[in-house]
Amino acid sequence: MGKEDTTVLQREVDEAGICTVTLNREGSLNALNGALVEALGEAFYEMRYDDGIRVVIVTGAGERAFCAGADLVERREMEEVEVRRRIDDYREVFRRIATISKPTICAINGYAFGGGLELALACDLRVVDEDTQIGLTEVKLGIIPGAGGTQRLTRAVGVARAKELIFTGARISGSRAAEIGLVNYAVASRDLMNKARELAEKMITSAPIAVAQAKRAIDKGSEIDLESGLELESAAYAVTLPTQDRQEGLAAFKEKRTPEFKGK
């Protein structure tokens, strides 16, 4: 347990198993350059197999930005083929974030534009500073969201709303984002991390295997027809039946105590 400090990414795991991942390029508004994308990919690969981590909170260093999107200074020096490769890197890293079995919470503590919002959309839950601005602004640069934004935003807010936001490149407030269901909560900046931790602390009292299977059923089920989704749910439920955690949950209920889940 403890804090890992690298040039572009920080990770800190507390005794409860809550891991806070901080984008650490404050001077560049935490923009995504090659080093940061690589560090994020490695971090989420490692956390996938770390049973000591129960919930992941992703946030940005400083107070101005969570992530301003792609590092356009770096991007200007890249050839077209390099840009295509970098976007593929984004997609793979965001896929790792989206598919990790542990719950993920994005604490959007400032601007989140383009790839920054796409990163946030790859997380399970989002909490935002009510006064900041966020948006998929790529069309203003002559491109489109290319790292999952067109797909994940549509699933979050619906087709018509996603089209409006993407076609106009709108920058909306954190409060507005909460109104349309793009984020779960919009709070004052001083309360942002407390709210994210409050959600994380509620999650770590749940059985890890059950949470992982619920996440899988929701994510996969949202992409298929109802009947197939119900079959997927049944299969996910069956995974929890032989676990020690299920027996512990039943025993704790009978004994009127708090269960101690082990993820087994």
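How many bridges pair strand β7 (residues 111-113) with strand β9 (residues 133-135), and in which sense? The two strands pair in the parallel sense over 2 bridges. The views below come from a predicted model, where local features need pLDDT of at least 70, side-chain atom pairs count only at pLDDT 80 or more, and totals for chains, interfaces and linings use all residues. Residues are numbered from 1 along each chain as its sequence is written, and side-chain values use heavy atoms, with hydrogens and water left out.

**View 1. The open sheet with β7 and β9.** Four strands lie in the order β5-β7-β9-β10, with mixed pairing. β5 (65-67) and β10 (172-173) stand at the edges with a single partner strand each, so one side of each has no neighbour in the sheet. Phe-113 stands opposite Gly-135 in β9. Strands (E, at least two residues) and helices (H or I, at least four) are DSSP runs, numbered from the N terminus. Two strands pair if DSSP finds at least two bridges between them.

View 2. In β8 (residues 125-129), 5 of 5 residues are buried, meaning under 20% relative accessible area; exposed means over 50%, and partly exposed lies in between (1.4 Å probe, protein chains only). Leu-125, Val-127 and Asp-129 are buried on one side, Arg-126 and Val-128 on the other. In a regular strand the side chains alternate between the two faces of the sheet. Strand β6 (residues 104-108) runs parallel to β8, joined by 4 bridges. Ala-107 stands opposite Val-127. Strand β11 (residues 185-187) also pairs with β8 in the parallel sense, over 3 bridges. Here Val-128 stands opposite Ala-186.

View 3. The whole structure holds 3 aromatic pairs. The rings of Tyr-45 and Tyr-49 are 5.4 Å apart at their centres, with planes at 70°, so this pair is edge-to-face. Tyr-111 and Phe-113 are stacked, at 5.5 Å centre to centre and 20° between the planes. Rings of Phe, Tyr and Trp (its six-membered ring) pair if their centres lie within 6.5 Å; planes under 30 degrees apart count as stacked, over 60 as edge-to-face and the rest as tilted. Phe-113 is buried, at 7% relative accessible area; Tyr-111 is partly exposed, at 31%. Arg-171 lies over the face of Phe-113, 4.1 Å from the ring centre. A charge sits over a ring if NZ of Lys or CZ of Arg is within 6 Å of the ring centre and within 35 degrees of the ring normal.

**View 4. The largest pocket.** The volume of the largest pocket is about 950 Å³. Of its 30 lining residues, Ala-98, Asp-124, Lys-215, Asp-219 and Glu-223 are the closest to its centre. α9 gives the most to the lining, with 9 residues. On a 1 Å grid over the protein atoms alone, a pocket is an open set of points with protein on both sides within 12 Å along at least five of seven lines, a cavity is a set where a 1.4 Å probe fits but cannot get out, and lining residues have an atom within 4 Å of a point. Grid points are joined across faces, edges and corners, and a volume is the space filled by probe spheres set on the points.

**View 5. The cavity.** The structure holds 1 cavity of 30 Å³ or more. About 40 Å³ of space lies in the largest cavity. Its lining includes Leu-117, Ile-134, Gly-135 and Ile-172.
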